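Hi there,

Here is the structure I promised to pass on to you. Please have a look at it first, and then read my notes below.

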Amino acid sequence: MYKYKASKETGSKSWVLQRITGLALVVLMIGHYILMHYQPESGHTYQAVLTRMQFSWYRIIDLTFITLGMYHGLNGIWNIFRDYKLKPWAKISVQSALIILGIAFTVWGFNIIFSIPYVGGFSAK
Amino acid sequence: MEKDTVKENTYHNIKTFDQKGWIRENLDYKKDSGSWAWIFHRITGIALIAYLFLHVYSLSPLTQGEVAFNNKMQSFSSPFFMLVEWFLFAFVLFHSLNGIRIVIVDWADGAKYHKQLYTLSWIIGIILFLAMGAIMFSHEIKNLF
């Protein structure tokens, strides 16, 4: 009788989450593209970023975007590795590498958003 | 005891996935639209997470103030980078539309018409890709005529 011994996790939670985060990312992506690319110049100067970042809700959307994107992307990469029956040590190495990479870049992204100052004169907080 | 050996022998007759020749095996596999969707979804997915890392890195000059950031953005506004950005959008489009197709197949009985959904996602994708090109290169297009 064949038994899968490597893990008791069936992966069903990550399967559901992958779909939910995917759908959320599609919605966020539509907003991102409309806002950033409705004309060639829109939104790519420091002033434009600064103006947008005066709205806290915009910061919250960006933070959500990067968190969901990192989770969905790295979980996707992990799903690819899962197709190739890794040895336990390889599994742990790959998983740790992905988690460290994900946390590092998410923190970096958060840091960038938080470093943008709230400037006086705007009352849009 | 005897039963066990018989059972073991039957397993030898089953063709299992050959891990050593997996590239050959994948290439030889007869591919229909679903297989291509799977392959493209993987390729675009890997490219998009790689781009997300690059995206965080490329926006990092925001912490160094206006001059540093605008210089960085200036370097991304060359025609070459705009072309790359346009094709990045193609990757985003395929992964998004095929992702929606996957969710429909999984949650809304889409397995009955997944081939039509695949065709539809290509049609919508190509239309949106061309529309984006028209927006991104509107200045260049205006100069042409």
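Let's start with A:D83, which is partly exposed at 43% relative accessibility; here buried means under 20% relative accessible area, exposed over 50%, and partly exposed in between, with a 1.4 Å probe and protein chains only. A:D83 forms a salt bridge with B:R42, their closest N and O atoms being 2.7 Å apart. (A salt bridge is a side-chain nitrogen of Lys or Arg within 4 Å of a carboxyl oxygen of Asp or Glu.) This pair crosses between chains, from the loop between α3 (56-82) and α4 (88-115) of chain A to helix α3 (residues 33-59) of chain B. Helices are DSSP runs of H or I with at least four residues, numbered from the N terminus. B:R42 is buried, with a relative accessible area of 18%.

Before going on, a word on how to read all this. The model is predicted, so local features need pLDDT of at least 70 and side-chain atom pairs count only at pLDDT 80 or more, while totals for chains, interfaces and linings use all residues. Residues are numbered from 1 along each chain as its sequence is written, chains are lettered from A and ligands numbered from 1 in the order in which they are written, and side-chain values use heavy atoms, leaving out hydrogens and water.

How many salt bridges are there over all chains? The count comes to three. Another of them pairs B:D106 with A:R19, with the closest N and O atoms 2.5 Å apart. B:D106 lies in helix α5 (residues 79-107) of chain B and A:R19 in helix α1 (residues 12-37) of chain A, so this pair joins two chains. B:D106 is partly exposed at 32%, whereas A:R19 is buried at 15%.

B:K115 and B:D32 also meet in a salt bridge (3.4 Å, N to O). B:K115 is in helix α6 (residues 114-136) and B:D32 in the loop between α2 (22-28) and α3 of chain B, so the pair ties together parts 83 residues apart in sequence.

Now for the rings. The whole structure holds 18 aromatic pairs over all chains, counting rings of Phe, Tyr and Trp (its six-membered ring) with centres within 6.5 Å; planes under 30 degrees apart are stacked, over 60 edge-to-face, and the rest tilted. B:W86 and B:F129 are stacked, because their ring centres are 4.4 Å apart and their planes at 5°. Both residues are buried, B:W86 at 17% and B:F129 at 15%. Ring pairs also link B:W36, B:F40, B:F94, B:Y118 and B:W122 into a cluster.

Enjoy exploring!
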